[in-house]
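Dear colleague,

Please read the notes with the coordinates open beside them.

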Amino acid sequence: ERVADWVMAPIDRVYHVVLGLFVRWRILGIGLGLLALVSIVPLGILVPKGFLPKSDEAQLDVLVRAPEGTSIAQTQLYAQRVADRVRAVTPEVEQILLTIGDNDTKKPNLAQISVSLVDPEARADDQDEIIDRIRRELAGNVPDGLVVKVAPAAIFGNSSDNSELQLAITGPELDRLGELS
């Protein structure tokens, strides 16, 4: 009990002093409360938002989807041209790995270009700036029918779509699943 008194006594004294100030100067309490309330807006703007924190893993994926029915050879040609373009506009590239049909569906028209970047301390731009640069370069410079996505490498699992958040709806009633999706 004496240890608790020894710890709580200074806290209790400070509490009584502060409480006494706010009882005597009510306008001070109201003003500080309003200041705290108003400060929420600028502080909310400054705080980064997102489901997952931003991190520079020095890896990104370029997903290439050719039209249905495209052969592996043609998909490889498309993906190799995209990979060459990525390497040309990104001096921070350390390694590139190109795979075709390496997902659950094994489709020959899907390619993934895994890009390893040099260490974040050894480059001027962060990963998000590099991704934006690649997107700007590829925008409008890919053949018609080709879909190209550039995103940070998947953090969890081996996904063919590197969205930060994915949702899977499953169940035995196909009509109900169709309505939900």
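Helix α3 lies across β1, β2, β3 (110-117) and β4, running at about 165° to β2, where helices (H or I, at least four residues) and strands (E, at least two) are DSSP runs, numbered from the N terminus. Axes here are lines fitted to C-alpha atoms, for helices over the stretch in contact, and angles run from 0 to 180 degrees between N-to-C directions. This is a predicted model, in which local features need pLDDT of at least 70 and side-chain atom pairs count only at pLDDT 80 or more, while totals for chains, interfaces and linings use all residues. Residues are numbered from 1 along each chain as its sequence is written, and side-chain values use heavy atoms, with hydrogens and water left out.

Helix α4 (residues 127-138) lies across β1, β3 and β4, and runs at about 170° to β4. The sheet itself is open and consists of four strands in the order β2-β3-β1-β4, with antiparallel pairing; two strands pair if DSSP finds at least two bridges between them. Its edge strands, each pairing on one side only, are β2 (93-100) and β4, and the twist from one strand to the next averages 15°. Six bridges join strand β1 (residues 59-65) to β4 in the antiparallel sense, and D61 has A151 of β4 as its bridge partner.

Within strand β4 (residues 147-152) sits K149, which counts as partly exposed because its relative accessibility is 42% (buried means under 20% relative accessible area, exposed over 50%, partly exposed in between, with a 1.4 Å probe and protein chains only). The C-alpha atoms of K149 and L63 are separated by 5.0 Å, although these residues are 86 residues apart along the chain.

Returning to α3 (residues 72-89), this helix contains T75, which counts as buried because its relative accessibility is 0%. Leaving aside residues up to four places away in sequence, T75 touches A66, T70, I100, P108, N109, L110 and A111, contact meaning heavy atoms within 4.5 Å. T75 and P108 are 33 residues apart in sequence, and 7.1 Å apart in space, C-alpha to C-alpha.

Finally, the axes of helix α1 (residues 2-24) and helix α2 (residues 26-46) come within 4 Å and cross at roughly 100°, so α1 and α2 are roughly perpendicular to each other (65 to 115 degrees, with angles under 35 counting as roughly parallel, over 145 as roughly antiparallel and the rest as oblique). F22, V23 and R24 of α1 make this contact with R26, L28, G29 and L32 of α2.
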